[in-house]
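Please read it alongside the sequence and the model.

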Amino acid sequence: MAERTEPKLIFVVGVWRSGTSLLHAMLNQHPQIGLMFEAEPFGLFPLKKDVVFPPDWAARLEFFNQALSRHKLDPAELPTRETGRECLLSMFRIIAARKKAAIMGGKSPTYHAWLPRIANIFPEADFIIIWRNPLDSVRSVKDAGRQNRFFGARGVLTRTYFGSEQMFKGVAKLRADGRRVHELLFADLVTTPELEMKKICDFIGVDFDPRMPDLRSADFSMVPPGEHHEPLRSGMLEKKQRRNEVLSRQWVEKDQRYVKLWRERYGDSFFARSLTSESAKISPGAFEIGTDRLIYWWWRLWSRFKNKVIRRTSLAFWQQFRGEDTTPPPANPLNDPRPLDKAVDKERSSADIGR
């Protein structure tokens, strides 16, 4: 009997609050697709192809974003003293094998700013990119930040907004390098989900399954708790009608200036098509662009610095800092005698410290 070939590898990427969770849920409805939900070890460890992860990488990743318990992964099944590439692939393979899926991978919002580096680490990977109006993503982050510590942290609004342009540059680099990329708009996914799923199925080489747009039977067990995920769990595809503006007038006016700039600069791209906001009569000046760029990179570097501190400091210290039970997660967290908020609560994960 012929040995089964390696499943095809895909990454589903978008900025935070841009529809990646909805897209992930639809894709995972397909019996041949098995994707992880924000495992993201390269959000914590160095984004380099040949760097060997520390022996406790799985425990640190569990502390960082509860990836193991959310996906019911047994740490004993995962490799040690391997490269980050092999560590992530090992998790992808286990998840895909449970469904005997032909497609493996994950949805990873953190990777929106690192597309060329991720592509270098995984030269065999294809990419599915979802775009949403940056101002709507920022509004959604603002809403989520009322309950979620990560989204409520300083700098996340800036990283989300300008992360869209950074993702555009990453996509352009992928295409210039001849990598396979499929792009779609969040607005189209919400209004014509079946059509968008058919396009993606053609891209990754599987037959369309009519269950994909129907989330009533979707598996949300790997999705962390939080009020901001409730619309997803309810299966709602309708756009939420916003009654009151949650952003300051300065934010809205800045967006209008950047909409003019980005439409002129990136007019035929999916990124430009996602800009549904009104534009101002003038673009931002050189000083505003330079200042915004400096602030954006500051928050990115600050996040990476904090994660470097996390991975270089005793894991026991961080667990005590959060007041967590230091016992390792079981292979099946549903049998964990600890309270749910100790076993699988992402609200107290990397959101507390930044990622």
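1. Just after helix α8, Gly178 adopts a positive phi of about 80°. Helices here are DSSP runs of H or I with at least four residues, and strands are runs of E with at least two, numbered from the N terminus. The model is predicted, with local features requiring pLDDT of at least 70 and side-chain atom pairs pLDDT 80 or more, while totals for chains, interfaces and linings use all residues. Residues are numbered from 1 along each chain as its sequence is written, and side-chain values use heavy atoms, without hydrogens and water.

2. Helix α8 covers residues 156-176, and its end C-alpha atoms are 29 Å apart, which agrees with the 30 Å that 21 residues should span at 1.5 Å a residue. The expected span is 1.5 Å times one less than the number of residues. A kink of about 40° is centred on Gly163; the bend is the angle between axes fitted to the seven residues ending there and the seven starting there.

3. Of the 21 residues of α8, 16 are buried (under 20% relative accessible area, 1.4 Å probe, protein chains only; exposed is over 50%, partly exposed in between).

4. Asn133 lies in the loop between β4 (126-131) and α6 (134-144). Asn133 is buried, with a relative accessible area of 5%. Leaving aside residues up to four places away in sequence, Asn133 touches Ser274, Leu275, Thr276 and Ser277 (contact: heavy atoms within 4.5 Å).
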